[in-house]
Amino acid sequence: GNNKPYFYVIDVESGKQQKSKSKVLDDGYSPCFINGDSQYVFMGGGKGHMEIWDTKKNEVIKELKNETGKGPKAAASVHNVLAVGSADHKLRLYDVRTWERFYVKDF
């Protein structure tokens with residue numbers, strides 16, 4: 001966040017920190033581990049850009065962008081579903097096995 005294109009993943013057991021730098025994220029990160037697995041993390045930026053990171057490889061495996069350009073404000077993932085609530089007052093659901101969006105609802 002804070003107009004910086006990087007974030008840290010910290011292993012609290014070992015104390016090791018991994019710095020990851022994004023090419024598209026600039027602000028407003030809403031981190032979320034996918035299905036509670038620390039290998040995959042969702043990061044959302046302030047302009048509607050979203051990335052799924054493989055933390056073991058320290059690389060982006062999928063880029064997503066919402067159609068309004070409004071950034072995510074909250075995210076959660078369970079049972080192969082990623083739920084993202086954005087500043088445009090929409091809830092979007094994605095299937096994490098294919099990264100296809102299958103539901104959008106105004107809130």
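Author: A nonpolar core is a set of buried Ala, Val, Leu, Ile, Met, Phe, Trp, Tyr and Cys residues joined through side-chain atoms within 4.5 Å. Buried means under 20% relative accessible area, exposed over 50%, and partly exposed in between, with a 1.4 Å probe and protein chains only. This is a predicted model, in which local features need pLDDT of at least 70 and side-chain atom pairs count only at pLDDT 80 or more, while totals for chains, interfaces and linings use all residues. Residues are numbered from 1 along each chain as its sequence is written, and side-chain values use heavy atoms, with hydrogens and water left out.

Reader: Which residues form the largest nonpolar core?

Author: This core has 11 residues: Cys32, Ile34, Phe42, Met50, Ile52, Leu64, Leu82, Val84, Tyr94, Val96 and Trp99. Strands are DSSP runs of E, at least two residues long, numbered from the N terminus; β3 (32-34), β5 (49-54) and β8 (81-86) each supply at least two residues of the core. A second, separate core of seven residues includes Val9, Val41, Met43 and Trp53.

Reader: Why does Ile34 count as buried?

Author: Ile34 counts as buried because its relative accessibility is 5%. This residue lies in strand β3. Contact means heavy atoms within 4.5 Å; not counting residues up to four places away in sequence, Ile34 touches Tyr40, Val41, Phe42, Ile52, Ser77, Leu82, Val96 and Trp99. The C-alpha atoms of Ile34 and Val78 are separated by 7.1 Å, although the two residues are 44 residues apart along the chain.

Conventions. Helices (H or I, at least four residues) and strands (E, at least two) are DSSP runs, numbered from the N terminus.
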